[in-house]
Amino acid sequence: MLTGIGNAHAVEFGEAPELAKQVEDGSLPPVKDRLPTTPMIVTPNDRMGTYGGTWKMAQRNKRDHALLIRNIGYEPLLRWTPQWTSTIPNVALSFQPSGDATEFFFRLRPGMRWSDGAPFTAADIVFWYEDILNNPAFADTVPEWLTSGDNTVQVDAIDPHTVAFRFSKPYGLFPTALARPEGVEPVSYPAHFLKPLLPKYNANANAEAKALGFADWKERFIDVFGHPGTIDDPTRWDNPDVPTLNAWVLTGVYGEDDPLIAKRNPYYWKIDPAGRQLPYIDRVSMTLVPSKDAASDAAIAGKVNMQERHVTNRADEVLAKNSDLQPFTLVESDMNVLTLSLNLNDKDPVLRDIFQSKDFRIALSYAIDREAIIDRFVPGALPHQAAPRPESPQYHTVLARQFMAYNVELAETYLTKAGLTERDANGILLRPDGKPLSFAIDTEGANRFEMLTAVMQYWRDLGVDVTARNLPRDEFVALRENNDHHASAWGGDGGLDAMVIPINYLPMSSESSWFATGWAHWYLNPDDPSAITPPSEVRDQFALYDRLKATANTEKQNQLMRDILDISADQFYVMGIALPPNRKGLVARDFHNVPKVMPAAWSYATPAPTNPSQYFIQAE
């Protein structure tokens, strides 16, 4: 439960001993002057905590900025409740939508400050809007969640502590979008720190950049801040000097410093019910490791005292070997252990035609022995296509269950329907142009690659010369950004949150709908050079999704999502293997206020909505 208080400065505030010492020696203002007029009160999950200690985690040394986002980087205007039932004010003190869901007004917290002590006001959000989101130097495509009716949001300050987001058409899903990790973006740009880097505010910005060895002011801006546009970029964690609103502030550079340390933010704007400034824990320490397996090894060695990322596959082994740790339950939100998608916008025109044949995709699905894969990799799991989970209000029986029987004869029948009947001397199917039917399917991660390799053997047995590749994360992402991929194997976002992350059900995200990135570019901007005009069925889905975004009525949202999923079932874009079972996180016995059960999802930003600032460490 999170709330505000009417007159915070009438309260006697408490603070961490290390900050009290800095106040005593004059290097830090008193706590009452560091907090906003109305701090956010965080009610502890179990009990009030004590100050001190180090939160220890294991972080992969390449492209694992998601661990930072999920644990110390989630402070949007609105946030999820810990139970993931609704959105509530966070950075915003209060929130008011207009009756037609076209305008959203946010009252900020007077007196709130960035981690360097500078005031945080509506001007910072307007700076993001005018000088980042709408800056031609930075503009690529405006994120889908900031548009409605093909138009970008308009943002303006009503007064220093009130900001309005205005859309040209109703956008009932906006509060939900704002509570996702990406929703941190509007409050991530400290204007006082960044304005001197821009020519608009500093006539010498370009000359100063060149004097420092940069090509121009933009190159210097990216070097200082990281790539603007989305919080989901590793460069955003390269400079610890960038002020933040987070509970802990990095002291080193991600990917270089080992361990990577984050220390408490002396200007953090949340308190416990007794008026003591959060966070309770002094610092966060992340040991850099090369792999998920190495993260589990680090946990066994005592280098982890609370973590859910990377350690779930070997959680039982870790718990057996380290008695100081105990489990908590992660309620799985993903809809699949392995989704398989062909690139329906493949640059090879012959492969593209084959991939766009639904009969070919059905053939591949029937060729997989899911029960054998499950017995080997996820014993006890239920076979499942790429579809919302049974617990979801958007569960779609046809999408979830179709084309799942292991039936090679039926697979051969569908290959014939797809026009693939000729084979070479090795039994490999021939394309219409006479070449062997050959392509690569990419993934990232040893465990996923092992499962993918087993699945691919069934396709090879069918006569498809397919190669499974385990790529570094950066290479995997870059190939998809440039539409240079043939097929992808990944997890399954959109199990419980199909409306929030529908990327596997319609190609609405150029970053994540890998089965048709060209169609996704068209949805976001038909004039984009990367855009490919989609067929009528896909355009129908886009129209339905625009209507879904526009309404705030839950019943209407669910019906529109069912209509979208009806088309998804008919088109059969993406196939899956099995429902992921619930997983285990790890927490030390002296590490407190971690819920025994929490949702597991990127869109929830696990474990951030459980309020890590109220975690504390104390020996029993």
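View A. Arg 361 sits in helix H12, which runs over residues 358-366. This is a predicted model, so side-chain atom pairs are counted only at pLDDT 80 or more.

**View B. Helix H10 and its charged side chains.** Here we look at Lys 321 and Glu 317, whose side chains meet in a salt bridge with an N to O distance of 3.1 Å. The two are separated by about one helical turn, because they are 4 residues apart in helix H10. An α-helix has 3.6 residues a turn, so residues three or four places apart point the same way. Lys 321 is exposed, at 54% relative accessible area, while Glu 317 counts as partly exposed at 29%. Both belong to a network of salt bridges that also links Asp 293, Asp 297 and Arg 314.

View C. Lys 584 and Asp 316 form a salt bridge, with the closest N and O atoms 2.6 Å apart. The pair ties together distant parts of the chain: Lys 584 is in strand E23 and Asp 316 in helix H10, 268 residues apart. Lys 584 is partly exposed, with a relative accessible area of 34%; Asp 316 is exposed, at 51%.

**View D. Glu 75 and Arg 79, a buried salt bridge.** Is this pair buried or exposed? Both Glu 75 and Arg 79 are buried. The closest N and O atoms of their salt bridge are 3.6 Å apart. For the whole model, the salt-bridge count comes to 39.

**View E. What helix H9 packs against.** Helix H9 covers residues 292-300, and its buried residues are Ala 294, Ala 295, Ser 296, Ala 298 and Ala 299. They pack against strands E3 (54-60), E15 (283-289), E17 (325-332) and E23 (583-588), plus helix H10 (315-321). Just after H9 comes Gly 302, which takes a positive phi of about 85 degrees.

**View F. Helix H18 under cover.** How many of the 8 residues of helix H18 (517-524) are buried? The number is 6, so the helix is mostly covered. Those buried residues are Thr 517, Gly 518, Trp 519, Ala 520, His 521 and Tyr 523. Among the elements covering them are helix H17 (473-481) and helix H19 (536-550).

**View G. Ala 247, a buried loop residue.** Ala 247 lies in the loop between H8 and strand E12 (248-250), and is buried at 5% relative accessible area. Leaving aside neighbours within four places in sequence, Ala 247 is in contact with Lys 263, Arg 264, Asn 265, Tyr 268, Pro 279 and Ser 613. Its C-alpha atom is 9.6 Å from that of Ile 281, 34 residues away along the chain.

**View H. A patch of negative charge on the surface.** Asp 216, Glu 219, Asp 223, Asp 238, Glu 256, Asp 257 and Asp 258 gather in this patch. One of them, Glu 219, lies in helix H8 (residues 217-225). Glu 219 is partly exposed, with a relative accessible area of 37%.

How values were computed
Residues numbered from 1 in each chain as written. Predicted model: local features only at pLDDT ≥ 70, side-chain atom pairs only at ≥ 80, totals over all residues. Heavy atoms only, no water. Patch = residues over 30% accessible without salt bridge, like charges linked within 9 Å, V, L, I, M, F, W, Y side chains within 5 Å. Areas by Shrake-Rupley, 256 points an atom, 1.4 Å probe, with all protein chains shown as cover. Salt bridge = Lys/Arg side-chain N within 4 Å of Asp/Glu carboxyl O. Lys, Arg positive; Asp, Glu negative; His and termini not counted. Charge placed at Lys NZ, Arg CZ, Asp CG, Glu CD. Buried < 20%, exposed > 50% of the residue type's maximum accessible area, 1.4 Å probe, protein only. Contact = heavy atoms within 4.5 Å.
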